[in-house]
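The sequence and the structure come first, and the description follows.

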Amino acid sequence: MLFVIGDYLAGATIGAVTALGVRALVWPGMDMVIAMLLGMGVGTLVHLVIGLALAPLLGMFETMAPAMAIGMYGGMLFGMRDSMGAGSQTLAAALGVGVGFGVVVVFAFGLYDRSLRGVVVDAGD
Amino acid sequence: MDIATQRKWDAASRGYDFLSFADDRRLGPHKRRLFAKIRGATLMVAAGTGNDFKFFPPHQRILAIDISPAMLERAARKASRYEGELELRQMDVCALPLPDESFDTIVTVCTFCSVPKPIAGLRELHRVLRPDGQLLMFEHVRSKIGPLGIFLDLMTPLSRRFGPDLNRETVENVQKAGFRIRREENVYLDIVKIIEAVKTV
């Protein structure tokens, strides 16, 4: 149970820090393609640093797999939003969306893991 | 002996127990379930610091090998706590100084993500396994899920410098080495797997 709580806290932290980093670097009106690439770069860096720091406490793959999706895809989405100036006008709102995104991705990975887990091949001998 | 690999794992031995703290707890029950199938003379390849010895069923006869003397030094204390015969020896899985068909069970835990020539290593295991023997593996492999697989590919040049490759196709490598897959189970997504194989003569 503690690991599950840890997974969600890690996802929320990576989402929030990615949103914060993107908000600091992307301004409204920035070319959207550049903003998305920049966001992806920020998210990758954030998820590598935080993911690797938390992996000994939460498990290498259980941390890094959702962290990758939160950092890379979240960074791109946050970059797109911030370049358009569309929504989350305050920093608190942007952080809240980052936390929410992280939690949703961790939940989705949990569901996906449950659907994949189990026997793939059983020759019956 | 592959000296570069030996040095890499000697260096990794210092932080190994810390890095595997959570994996031990999250994945331990799955390892215990797999190791319950151990029977007869058993070879464990890549013992590491001996973290997995506690998941072995008691009263078995196990030879545990590793390429790194520093890993084996740390494993010695854990081996002494095992209730059974557990011998530690330094060996390279790609050149095992062991007779043909001498083991009933071979166990690996996150081993073939690290062996530089995995098929050569697996062929050595095929050689030392008895015809009715079994290969029990707990391994992480490259994901078949598009973005995750690409991510593991991208991370591997970095991870390889300090530890394992993240994009090994171990199930396919086991088959290429002459084994038949008896059972394959996903433990986390399609990355962490239990692979059970038998020897095809």
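Two strands pair if DSSP finds at least two bridges between them. Helices (H or I, at least four residues) and strands (E, at least two) are DSSP runs, numbered from the N terminus. The model is a predicted one, in which local features need pLDDT of at least 70 and side-chain atom pairs count only at pLDDT 80 or more, while totals for chains, interfaces and linings use all residues. Residues are numbered from 1 along each chain as its sequence is written, and chains are lettered from A and ligands numbered from 1 in the order in which they are written.

**The shared sheet**

An open sheet of mixed pairing is formed by eight strands, in the order β1(A)-β6(B)-β7(B)-β5(B)-β4(B)-β1(B)-β2(B)-β3(B). Its edge strands, β1 of chain A and β3 (85–90) of chain B, each pair on one side only. On average, neighbouring strands are turned by 15° against each other, direction ignored. Axes here are lines fitted to C-alpha atoms, for helices over the stretch in contact, and angles run from 0 to 180 degrees between N-to-C directions.

Helix α5 (residues 118–128) of chain B packs on the sheet and touches β1 (41–45), β4 (103–109), β5 (129–140), β6 and β7 of chain B. The direction of α5 makes about 145° with that of β5(B). Two residues are in contact if their C-beta atoms, placed from the backbone, lie within 7 Å.

β1(A) and β6 (residues 179–188) of chain B are antiparallel and share four bridges; V121(A) stands opposite E184(B) there. β6(B) is also joined, by eight bridges and again antiparallel, to β7 (residues 192–199) of chain B, where I194(B) is the bridge partner of E185(B).

**The contact between the chains**

In total, 21 residues of chain A are in contact with 21 residues of chain B. On the chain A side, α2 (32–58), α3 (60–84), α4 (91–116) and β1 (118–122) each supply at least two residues. That side divides into 14 nonpolar, two polar and five charged residues. Ala, Val, Leu, Ile, Met, Phe, Trp, Tyr, Cys and Pro count as nonpolar, Asp, Glu, Lys and Arg as charged, and the others, Gly among them, as polar.

**Helix α4 of chain A**

The end C-alpha atoms of α4(A) are 37 Å apart, which agrees with the 38 Å that its 26 residues should span at 1.5 Å a residue. The expected span is 1.5 Å times one less than the number of residues. Buried residues of α4(A) include F101(A), V105(A), F109(A) and D113(A). Among the elements that cover the buried residues are α1 (2–25) and α3 of chain A, together with β6 of chain B. G118(A), which follows α4(A), has a positive phi near 120°.

**Individual residues of chain B**

A residue is buried if 20 or more other C-beta atoms lie within 10 Å of its own, exposed if 12 or fewer, and partly exposed in between, with C-beta atoms placed from the backbone.

| Residue | C-beta atoms within 10 Å | Class |
|---|---|---|
| L125(B) | 26 | buried |
| E101(B) | 15 | partly exposed |
| L189(B) | 22 | buried |

L125(B) is found in helix α5 of chain B. Leaving out residues up to four places away in sequence, L125(B) touches V45(B), I106(B) and L135(B).

Most residues other than glycine have a negative phi. Phi of E101(B) is positive, near 50°, and E101(B) is found in the loop between β3 and β4 of chain B. L189(B) has a positive phi near 45° and lies in the loop between β6 and β7 of chain B.
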